[in-house]
Amino acid sequence: MFTLAEVASLNDIQPTYRILKPWWDVFMDYLAVVMLMVAIFAGTMQLTKDQVVCLPVLQSTINSKAQPVTSGKADFTTVETTTGQGEASSMRTVSFGSTPTVTPAVPLSRAATSQYPPTESGQEPKKEQKDSSGRKTNLDFQQYVFINQMCYHVALPWYSKYFPYLVLIHTIILIVSSNFWFKYPKTCSKIEHFVSILGKCFESPWTTKALSETACEDSEENKQRLTGAQSLSKYVSTSSDEGSPSASTPMITKSGFKFSADKPMIEVPSVTILDKKDGEQAKALFEKVRKFRAHVEDSDLIYKLYVGQTVIKTVKFIFILCYTANFVNTISFEHICSPHVEHLIGYAQFECTHNMAYMLKKLLISYISLICVYGFICLYTLFWLFRIPLKEYSFEKVREESSFSDIPDVKNDFAFLLHMVDQYDQLYSKRFGVFLSEVSENKLREISLNHEWTFEKLRQHVSRNMQEKQELHLCMLSGVPDAVFDLTDLDVLKLELIPEAKIPAKISQMTNLQELHLYHCPVKVEQTAFSFLRDHLRCLHVNFTDVAEIPAWVYLLKNLRELYLIGNLNSENNKMIGLESLRELRHLKILHMKSNLTKIPPNITDVAPHLTKLVIDNDGTKLVVLNSLKKMINVVELELQNCELERIPHAIFSLSNLQELDLKSNSIRTIEEIISFQHLKRLTCLKLWHNKIVNIPPSITHIKNLESLYLSNNKLESLPAAVFSLQKLRCLDVSYNSIAVIPVEIGLLQNLQHFHITGNKVDVLPKQLFKCVKLRTLSLGQNCITSLSDKVGQLLQLTHLELKGNCLDRLPATLGQCQLLRKGGLVVEDYLFDALPSEVKEVLNQDTSIPFANGI
């Protein structure tokens with residue numbers, strides 16, 4: 001039996017998930033409870049009162065029948081129950097006719113009756129014979145008890161005995177099937193999350209205010225607002241959309257670079273009544289809703305599970321109805337029993353009555369009626385599941401009733417859950433729609449953001465960069481605080497990972513702003529703000545994932561001087577790398593692209609004649625086509641890094657104004673083409689570092705004006721004398737190669753100021769090295785040098801000396817003669833420095849006002 005507490009616990013699920021229980025599920029739950037009560041009632045009756053009473057069929061009665069009953073076979077199955085002994089003892093004699101019949105079992109009967117007291121065996125039969133009008137059977141009490149129990153199992157149909165238990169099992173299966181999706185691990189977590197979020201959305205003061213000011217407005221005003229919202233272009237500022245009084249300026253559209261003249265009509269109510277705590281709670285709730293939507297919309301497991309359990313219940317209904325209909329007629333009050341115990345009882349057949357037959361038949365008919373109703377509801381549920389497209393939920397009606405025209409439709413499990421909620425109360429979906437609206441969310445975030453980021457807080461985050469400019473870096477905010485545009489003395493503004501960044505007209509106050517950084521930040525600007533940026537902005541950095549994310553207004557900044565583009569510009573997007581055409585950037589001088597190009601975009605040639613510096617960092621992707629370089633006749637600096645170049649491109653030799661060439665981190669093995677650099681009369685800096693160069697050809701002597709040569713991180717084993725014929729050479733970097741000897745010709749480089757040979761195999765320093773008296777930086781670390789000549793004192797301009805990682809046992813005292821060398825510029829082991837004379841250490845430890853420079 002079930003206790004009241006156990007039955008009550010079944011109702012615990014109702015308060016939590018009632019919003020996901022449509023009327024048919026609730027009705028089926030009630031039907032299941034009624035069926036459960038039928039099963040319990042029938043089972044209780046059967047356990048307490050179920051029995052059969054049997055009387056023998058006399059031989060004369062059998063002979064008088066036209067078709068005698070065949071003994072020994074009973075086409076019935078059994079159900080276990082109990083037989084009352086008190087009532088069976090009262091039917092010891094019965095009458096079937098007027099002719100007495102003597103049975104062959106009298107001796108057995110006498111033997112059985114001899115066990116009872118005399119009063120029962122002697123006096124009672126006389127009374128019975130006196131009062132009875134039927135035929136005597138000569139059966140005693142034990143024989144009646146035996147035959148009643150025997151015939152209960154032999155003659156009674158199995159369905160009559162097991163009916164209550166079958167109803168109980170079927171009902172439990174139906175109950176489990178109805179609520180399985182609430183308990184299945186893959187779905188219950190999503191459902192619990194959905195119910196909790198929906199409850200918070202329903203109670204949120206933000207939705208209460210938003211709906212009270214929008215859903216109850218006049219329908220004609222809503223239609224006008226909706227019509228105006230649909231006329232807005234893609235790049236209209238969201239701040240204007242949200243009803244800011246001063247933000248009615250139209251925005252730039254992406255296609256054609258035209259400005260829309262339509263005034264935004266959409267207007268979102270202000271939420272200034274929300275205090276800080278409510279605003280923070282609503283903001284957190286917006287984030288939960290977004291994450292839940294992203295998690296649930298990628299599958300339709302809940303929908304499939306619900307369909308599956310409905311199909312199971314329908315199949316169960318059909319099965320129960322089919323087999324139950326066949327057994328209705330088997331429940332009968334009268335039954336014929338042939339137990340095959342004639343040697344014990346003396347009779348072959350018995351007529352039995354089942355006292356619960358009428359009650360069971362009525363309960364069965366009631367159960368069939370309930371199952372039929374249950375089955376029709378299941379069929380209706382299937383019709384609802386397959387007739388209505390539950391894989392998508394449209395907020396069209398909500399959009400019409402409110403000002404939130406940008407509520408996105410949802411799909412899959414999220415849509416199914418909202419369809420279920422709709423069957424409970426449509427107000428839930430309306431309130432949820434507010435949290436799916438970007439306008440609503442952005443407005444709330446803007447209010448919260450401006451409340452948090454005040455002018456004083458922003459002023460604390462302003463710093464000075466290496467160029468001594470005032471710089472502000474904002475990262476991962478929900479938007480750009482309004483107080484930013486009150487920092488009128490700001491020079492550099494960096495915006496990083498701000499997806500809803502907007503630049504209003506207030507930026508025109510920032511007269512010192514000339515540099516803007518956008519890191520994965522698709523900024524929208526108003527027309528007035530764009531006019532200001534077009535005239536004042538000089539440097540722009542844009543980091544993006546795809547070229548389509550570059551804001552359209554970037555290509556119209558006619559006074560822009562420097563443009564840095566870092567992102568995906570692969571071959572599939574090369575058609576777009578017309579970069580919406582750069583031809584409008586007439587004053588662009590520096591173009592820096594860090595991407596994965598396979599060729600230089602043709603449309604870059606639109607600004608090629610104006611460029612003075614081009615930097616391409618290809619991140620390991622091979623750059624094949626370089627013919628466009630020939631058109632960059634005014635380029636002064638060219639950097640082609642990580643482009644997998646195997647030789648020096650011939651197109652470079654046409655750049656007559658080239659002064660600096662950087663081919664860092666390529667796959668160049670030979671530089672025989674270096675002879676063609678003789679045509680580049682203005683080339684002063686050549687950087688071939690981080691390649692695979694094995695030797696330097698003698699033709700390098702033809703680059704007469706070369707002042708800086710960088711060959712570090714290659715595979716050089718020697719330095720040819722031709723290098724030291726470059727009399728104008730001021731910087732030579734051959735670090736991290738396999739050079740063993742420094743040629744004595746190094747003394748010819750009288751203008752050499754910076755010499756780096758760190759990370760090689762040098763063991764001896766030629767004395768001619770110390771004739772380069774203009775040396776300011778000398779890097780000799782990580783070699784095999786065993787001694788340092790005293791002539792190092794001749795390097796009076798030396799400010800940086802690196803000796804760490806060699807085999808030195810002492811340092812010369814003449815280091816004290818290097819007037820500009822200080823301890824900070826001397827890179828050696830501590831024990832070598834400590835071994836110096838105290839007067840030398842005192843000189844090296846002196847402070848100096850002369851700026852330290854290492855020249856690189």
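Two strands count as paired when DSSP finds at least two bridges between them. Keep that rule at hand as we walk through this structure, which is a predicted model.

Three strands make up an open sheet, ordered S1-S3-S2, with antiparallel pairing. Its edges are strand S1 (52–56) and strand S2 (334–337), each of which pairs on one side only. From one strand to the next, the twist averages 25°. Look next at how S1 meets strand S3, which covers residues 350–354: five bridges join these two antiparallel strands. Where does Cys54 find its bridge partner in S3? The partner is Cys352.

Now bring a helix into view. Helix H8, made of residues 141–154, lies across S1, S2 and S3. Relative to S1, helix H8 runs at about 115°.

From here we can turn to the stretches that carry an annotation. An unreviewed UniProt entry places the feature "transmembrane region" at residues 27–47, 162–182 and 364–386. What does the model show for two of these spans? Residues 162–182 are 100% helix and 0% strand, and the C-alpha atoms at the ends of the span lie 31 Å apart. Residues 364–386 are likewise 100% helix with 0% strand, and here the end C-alpha atoms are 33 Å apart.

Which residues form the nonpolar patch? They are Trp23, Phe27, Tyr30, Val373, Tyr380 and Phe383, and together they have about 640 Å² of accessible area. Two helices, H3 (23–49) and H17 (357–387), each supply at least two residues of this patch. Tyr30, for instance, sits in helix H3.

Our last stop is the charged side chains. How many salt bridges does the structure hold? There are 10. One of them links Glu471 with Lys494, where the closest N and O atoms are 3.4 Å apart. Because Glu471 belongs to strand S7 (residues 470–475) and Lys494 to strand S8 (residues 492–496), this pair ties together parts that are 23 residues apart in sequence.

Note on methods. Residues numbered from 1 in each chain as written. Predicted model: local features only at pLDDT ≥ 70, side-chain atom pairs only at ≥ 80, totals over all residues. Heavy atoms only, no water. UniProt positions renumbered as here; feature names shortened; annotations may be inferred. Helix = DSSP H or I, 4+ residues; strand = E, 2+ residues; numbered from the N terminus. Axes fitted to C-alpha atoms, helices over the stretch in contact; angles between N-to-C directions. Contact = heavy atoms within 4.5 Å. Patch = residues over 30% accessible without salt bridge, like charges linked within 9 Å, V, L, I, M, F, W, Y side chains within 5 Å. Areas by Shrake-Rupley, 256 points an atom, 1.4 Å probe, with all protein chains shown as cover. Salt bridge = Lys/Arg side-chain N within 4 Å of Asp/Glu carboxyl O.
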